[in-house]
Amino acid sequence: MIYHTIYITMLILLSFMLLACLIRAVRGPLIADRLMAVNMMGTMVMVMIAVLALMLKEGYLIDICLIYAMISFLAVVVLSKVYIGIYEEKHHKKDSDNDHTVKGDLSDGNA
Amino acid sequence: MGTLEWIKIIIGSAFLICGVVIFFTELFGVFHFQYVLNRMHAAAMGDTLGITSCLIGLMIFSGFNYTTLKILLIICFLWFASPVSSHVLARLEATTNENLSERCEIYEDLDVLEQELAGRNMTKDVKEDRL
């Protein structure tokens with residue numbers, strides 16, 4: 001019973017913090033702000049899944065937590081690389097045509 | 001419940017409370033600072049220390065079984081992954097922001113920075129010698 005109370009309290013606190021993270025993601029003026037808020041939300045959701053796994057006594061939910069960690073990490077890295085590639089593509093279009101062809105290939109490779 | 005059970009509950013709850021407090025500090029820092037490179041300090045703290053404290057508390061609650069080992073695996077993975085994602089985010093900001101020099105000092109030439117740091121260290125050594 002006391003375990004159940006502790007888990008429910010944890011879940012309620014974490015859900016309020018998750019809402020605050022969502023506010024940060026909506027208000028953030030820069031792309032990096034939003035990606036950082038999404039990263040924080042992923043961390044809190046991981047803790048929530050782990051708490052649920054112990055509360056429901058279902059061990060396989062921990063596997064889902066591990067997969068969630070990997071996908072959250074992949075999402076942040078891939079989105080950052082995509083935005084860097086888009087920026088470099090726009091930036092290099094101002095240069096001469098020869099530079100554009102060479103560096104355009106490079107930025108595609110980065111993206 | 002026996003005494004051991006109560007000790008387990010108290011230690012696990014202490015770790016969980018520690019983790020929640022660190023998450024709250026992270027949120028406070030993220031709303032308090034004004035620029036994303038400052039906010040990143042607070043956000044990276046919760047990604048490593050906060051989730052580690054919470055998961056250690058859950059490991060103590062869970063006892064010794066396969067679930068504990070899997071949670072340990074999550075902690076190990078996050079310790080490798082979280083600094084990398086923070087670094088990539090900082091690199092995104094440094095690449096795409098054209099007015100970065102309004103926010104922080106930028107050294108175009110690394111030799112200048114090294115000379116300045118060496119000068120600071122020398123003056124500090126001189127002061128320590130005088131003291």
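Q: In what order do the elements of chain B run from the N terminus on?
A: They run α-α-α-α. Bear in mind that this is a predicted model.

Q: OK, and how many helices and strands are there in chain B?
A: Chain B has four helices and zero strands.

Q: What is the radius of gyration of chain B, next to that of a compact globule of 131 residues?
A: Chain B comes out at 22 Å. A compact globule with 131 residues would be near 14 Å.

Q: What box do the C-alpha atoms fill?
A: Along the principal axes, the box for chain B is roughly 65 × 45 × 30 Å.

Q: How much of chain B is buried?
A: Buried residues are 26% of the 131 in the chain.

Q: And the contacts with a separation of 6 or more, what share joins residues 24 or more positions apart?
A: In chain B, that share is 61%.

Q: Switching to one residue. Where is B:Thr68?
A: B:Thr68 sits in helix α3 of chain B, which covers residues 66–96.

Q: Which residues is B:Thr68 in contact with, leaving aside neighbours within four places in sequence?
A: Three names here: B:Met59, B:Ser62 and B:Gly63.

Q: What separates the C-alpha atoms of B:Thr68 and B:Cys104?
A: The separation is 43 Å. Along the chain, B:Thr68 and B:Cys104 are 36 residues apart.

Notes. Residues numbered from 1 in each chain as written. Chains lettered and ligands numbered in written order. Predicted model: local features only at pLDDT ≥ 70, side-chain atom pairs only at ≥ 80, totals over all residues. Helix = DSSP H or I, 4+ residues; strand = E, 2+ residues; numbered from the N terminus. Contact = placed C-beta atoms within 7 Å. Rg over C-alpha atoms; globule rule 2.2 N^0.38 Å. Buried ≥ 20, exposed ≤ 12 C-beta atoms within 10 Å, placed from the backbone.
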